[in-house]
Amino acid sequence: MSDHRPPTETAPTETPAAEGQAAFAPPGRYDVTITAAAARESALAAGAQHDAAVETDERVRLAGRVMLWRHMGKRLFGQLLDRSGTVQVALFRDDFADPEEYRRLAKGVRLGDFLGVEGVLFVTDKGEPTLGGLDATVLNRAHEPLPDKHAGLVDTDLRYRKRYLDLLANPDSRQRFLVRSALISGIRRWLDDREFIEVETPMLQAAASGAAATPFSTHHDALDRDFYLRISPETYLKRAVAGGLDRVYELGRNFRNEGIDSSHLQEFTMLEWYAAYWDYRDNMVAVRELIVDVLGTVLGTTVVDIDGQQVDFAAQWPEYDYRTLVAEHTGIDLSEVRTVEALKAAISERGIAEDLAEAPSYASLVDLLYKRTVRPSLVAPCYLVHHPAELVPLARRNDDDPTVLDMFQVVVNGWEIVKAYSELVDPVEQEERLLEQVRLREAGDDETMMMEDDFIEAMRHGMPPMSGLGLGIDRLVALATGATTLRDVVLFPQLRQAPGAS
RNA sequence: GCGCCUCUAGCUCAACGGCAGAGUACCGGACUUUUAAUCCGAGGGGUCUGGGUUCGAAUCCCAGGGGGCGCACCA
């Protein structure tokens, strides 16, 4: 930053000459004995006044970033921020053996500096838990000013590009990432408790499979071979189950080469799990239990505010039949309208969503129709079951009605946060259904799945019946924290190149 | 990719065709319990970029760049 400035202009926070630097010699480490939150708690518990606290001589050392700094003659108050939160620190001149040392701290410390304070805990007359410093050390200086101390950082662009400032200046932002971490830990614990093991599968894949999406492609030089960044770990996790790891999960990034908006990122975090001998009904029960459990533990409530609406995840999740809902919203009965041509005709007949005419296949047209007409109306958590069989080539058909899948999604706020189904484990049918995908691709649908011979072969060696589930972590975190865009729950979201950046 | 809105001091915002300002931060000073401390003083600007209209442009017009929202694609 400072090197972009003309040489004549002094950086706003720089003291004249190098006086500020010379006055403090930052050490390489500081022996911290207490966090801000623990200091507050401990000060309030003891309830000592300042003089009494100094008498007891129970010293603690705290380090953090200076967020506020008020100098008033012989007394000085500041606020330090560490990972646990903030606490007030106070320096009283009379506590310092060397008044000059007090003066240097009082005058020399700037907002944004890191400070280590050693002293005693007490409570001020106004009831504020405070660390009374008997000694303080500047641990490093800030050479650039922090964002405005009350308004924070509101420029959306800057909040994403300089997330470190957003985290410092906006407590809400900081809180969202603490919740994100706690939710993920909670999910791992829940799965570990149920004897799932965590595995990692390739992100570089020869065939991008497991979802209908456009992949990123890349190239391996030594092998001179193109790869795709995975769009889903699904077929690898099923191979792991075939190998006897019959309850597995993976929590990791998937990549989809598509547009960005408030509910989509090009790299997003998804949980996928596979449980042998379960079917989709088992997963409907399990995922609800997981979400209610983890939200309750982390937030202390299962009620979440969605656009001003109080939504309770612990309430009943209604179950809607996919085709029934589509029929209710469009008047089109998908069990009768079963070809692209017929569906296009039905859509244009009713004058709904006519711009969908471009859709290259029955499956994609059905999917678009649903997303346009039904999905936006689903706000409170609900299950959507029995999608038409054409939609997912990896899912098992329903025994009673083979035109639909043993499949469900959980939709909240018009966002799909969970997709799961009983897995197709019959290699003959699997091969046939993937070949159909290949045919559709050749006919111009570029979001079909690719053939994966190695996956078929794994299935030919035998796979237990199983059901897998995918849960969009970013979306769950956004719902849990009231974020209206996924970019608010990802630390460093991908943005366009900043102007002038190299 | 298309449409609408937006870009002024490090940060948060005024000025909306007539001298570019405030708060905060930074610098100097006062102050013995502050809580966004308060008070006094100083410095800080190609108004995103490039064209145009005008006696005069931060302001109006055109093009470009960044961002937001909507639409489309997707989970």
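Two strands pair if DSSP finds at least two bridges between them. Helices (H or I, at least four residues) and strands (E, at least two) are DSSP runs, numbered from the N terminus.

## Basis of the report

This is a predicted model, in which local features need pLDDT of at least 70, side-chain atom pairs count only at pLDDT 80 or more, and totals for chains, interfaces and linings use all residues. Residues are numbered from 1 along each chain as its sequence is written, chains are lettered from A and ligands numbered from 1 in the order in which they are written, and side-chain values use heavy atoms, with hydrogens and water left out.

Strand E7 and strand E9 (residues 225-229) are paired in the antiparallel sense over two bridges. Within this pairing, glutamine 205 has tyrosine 228 of E9 as its bridge partner.

These strands belong to an open sheet of three strands, ordered E7-E9-E8, with antiparallel pairing. Strand E7 (204-205) and strand E8 (217-220) are at the edges and have a single partner strand each, so one side of each is without a neighbour in the sheet.

## The eight-stranded sheet

A further open sheet consists of eight strands in the order E6-E10-E11-E18-E17-E16-E15-E14, and its pairing is mixed. At its edges are strand E6 (197-198) and strand E14 (319-321), each of which pairs on one side only. Strands of a sheet pair through backbone hydrogen bonds, either parallel or antiparallel.

Within the sheet, strand E16 (residues 407-412) and strand E17 (residues 415-422) form an antiparallel pair over six bridges. Lysine 419 in E17 is the bridge partner of glutamine 409. Helix H8 packs on the sheet and touches strand E10 (247-255), strand E11 (267-276), E17 and strand E18 (466-472). The direction of H8 makes about 25° with that of E11.

## Helix H8 against helix H14

Axes are lines fitted to C-alpha atoms, for helices over the stretch in contact, and angles run from 0 to 180 degrees between N-to-C directions. The axes of helix H8 (residues 234-242) and helix H14 (residues 453-460) come within 10 Å and cross at roughly 25°. H8 is therefore roughly parallel to H14 (angles under 35 degrees count as roughly parallel, over 145 as roughly antiparallel, 65 to 115 as roughly perpendicular and the rest as oblique).

The contact (heavy atoms within 4.5 Å) involves Thr235, Lys238 and Arg239 of H8 together with Asp454, Phe455 and Ala458 of H14. By class, it has two nonpolar, one polar and three charged residues (Ala, Val, Leu, Ile, Met, Phe, Trp, Tyr, Cys and Pro count as nonpolar, Asp, Glu, Lys and Arg as charged, and the others, Gly among them, as polar).

The axes of H7 and helix H15 (residues 473-481) come within 10 Å and cross at roughly 125°. H7 and H15 are therefore oblique to each other. Their contact has eight nonpolar, one polar and three charged residues.

Helix H10 (residues 322-330) packs with helix H12 (residues 362-373) at an angle of about 60°, their axes being 10 Å apart. H10 is therefore oblique to H12. Tyr322, Val326, His329 and Thr330 of H10 make the contact with Val366, Asp367, Leu369, Tyr370 and Thr373 of H12. This contact has five nonpolar, three polar and one charged residues.

## Aromatic pairs

The structure holds nine aromatic pairs (rings of Phe, Tyr and Trp, its six-membered ring, pair if their centres lie within 6.5 Å; planes under 30 degrees apart count as stacked, over 60 as edge-to-face and the rest as tilted). The rings of phenylalanine 196 and tryptophan 278 have centres 5.9 Å apart and planes at 80°, so this pair is edge-to-face.

Phenylalanine 196 lies in the loop between helix H7 (171-193) and E6, and tryptophan 278 lies in the loop between E11 and helix H9 (280-299), so the pair ties together parts that are 82 residues apart in sequence.
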